[in-house]
Amino acid sequence: MPHRELMTLPHDDEALSLLHERIAHTLTDGLYRVGEVFELTFGKEAAHAAMCSLLLNGIGTGAPVTCSSQTYEEADRRGWKEYLDDLPDIEVTQLWRDGAEYAGQGIAPHEPYEGAPSLDDRRRRVEKIIAHGRVLATCAETIFGKDYLAIWEGVAARAAIDFGGSLTLEGIRLLSGVSLNAVRNAVSLGELNLDKAGRVSSTQAEAWLKRRREFCPSRWKNLQDNQAPFDRILVTGAGDRSNVLVPQDAEGTPFMPQHVVRPAKGRPGISITVGAKGSEEQHSDFFDALKALADMEVARWRRRNSAGNWGIVRARGPWVLVSKAEIERQLAAILKEAA
């Protein structure tokens with residue numbers, strides 16, 4: 001049998017959209033197979049009634065979703081199989097994209113447009129995804145097959161990091177972006193220790209994951225993050241200027257003025273240090289420093305840690321969108337204090 005490629009979790013909006021489209025197509029095919037099983041088991045009339053009831057009365061994980069045509073007379077004429085063409089599969093499978101966003105980046109999808117962000121609200125949205133994932137991981141294969149169940153393995157792994165528990169090696173692979181062999185090698189080297197169930201504690205897994213370049217710390221915990229997936233259109237200095245892309249380090253701390261700006265020595269203004277050790281650059285403008293980071297193969301910068309010491313950190317995971325207004329507010333406060 002040919003080797004089956006393991007799924008990876010997408011980190012940008014374009015890849016998430018493509019994944020969502022594939023899952024939506026899978027739903028249509030899966031429902032077709034289910035309907036045919038109903039016909040063989042219960043007869044065509046019963047199967048027709050069941051499938052039309054499902055497709056006409058709305059299916060989904062939130063508010064009811066209905067097909068564009070809603071008359072049983074038309075359904076009787078067309079047959080339930082043709083009615084699948086009217087299925088709003090993208091809307092119906094939104095939960096799968098939500099799960100992929102949370103698993104890959106720790107995003108709490110559907111951030112409200114109005115009002116201040118709330119950790120309690122984000123936590124509730126995340127916990128809802130986790131609860132749905134527990135169900136879908138056990139029964140979704142019937143309709144969706146095995147190809148996308150890794151999303152819910154990733155959700156469970158991310159939940160263990162966020163709220164405590166243990167991770168499978170596959171869960172660690174999904175969050176780290178490395179191969180399963182690399183994870184197994186970490187076990188062989190004693191970097192990861194397995195319990196009796198063959199799982200790794202969340203504390204140990206998180207410490208190992210933070211050293212992996214592709215691991216993205218959970219973004220829902222950062223109130224400066226607007227919870228939007230990385231969008232290549234919104235590169236630094238372009239696109240919607242109400243939001244700006246910034247890197248984050250292994251701790252999930254974003255490149256924001258309050259962490260990276262300090263008063264300039266011997267002159268008015270501010271200073272921001274970017275670059276690897278021995279190749280540091282000094283910038284007096286925050287957005288110039290951000291552009292310099294975008295041009296680096298691996299973004300590195302100096303920031304102040306919780307003890308007040310300045311050290312070099314490197315970007316981990318995808319860049320995240322933050323409010324430009326918040327950046328400018330922090331800059332204004334720092335400049336006022338330095339004056």
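Modeller: Asp12 sits in the segment before helix H1 (13-42); helices, of at least four residues, and strands, of at least two, are DSSP runs numbered from the N terminus. With a relative accessible area of 13%, Asp12 is buried (under 20% by a 1.4 Å probe, protein chains only). The model is predicted, so local features need pLDDT of at least 70 and side-chain atom pairs pLDDT 80 or more, while totals for chains, interfaces and linings use all residues. Residues are numbered from 1 along each chain, and side-chain values use heavy atoms, without hydrogens or water.

Further along is helix H10 (residues 169-176), where seven of the eight residues are buried. They are Leu169, Gly171, Ile172, Arg173, Leu174, Leu175 and Ser176. Their cover includes H6, helix H9 (150-163), strand E1 (166-167), helix H11 (180-188), strand E2 (200-201) and helix H12 (202-209). After H10 comes Gly177, with a positive phi near 80°.

Ile172 and Leu175 turn up again in the largest nonpolar core (buried Ala, Val, Leu, Ile, Met, Phe, Trp, Tyr and Cys joined through side-chain atoms within 4.5 Å). Of its 53 residues, these two touch the most other members, along with Trp96, Tyr102, Ile151, Trp152 and Leu167. H9 gives the largest share of this core, eight residues. Beyond its neighbours within four places in sequence, Trp152 is in contact (heavy atoms within 4.5 Å) with Leu95, Trp96, Gly99, Ile129, Gly133, Leu136 and Ala137. Another core, of 27 residues, lies apart from this one and includes Leu245, Ile270, Val274 and Ala299.

H6, part of the cover of H10, also supplies the largest share of the lining of the largest pocket, four residues. A pocket is an open set of points on a 1 Å grid where a 1.4 Å probe fits, with protein on both sides within 12 Å along at least five of seven lines; lining residues have an atom within 4 Å of a point. Helix H7 (119-139) and strand E9 (320-323) each supply at least two lining residues as well. The lining has 31 residues, and Glu111, Pro112, Asn226, Gln227 and Ala228 lie nearest the centre of the pocket.

Definitions and conventions
Buried means under 20% relative accessible area, exposed over 50%, partly exposed in between (1.4 Å probe, protein chains only).
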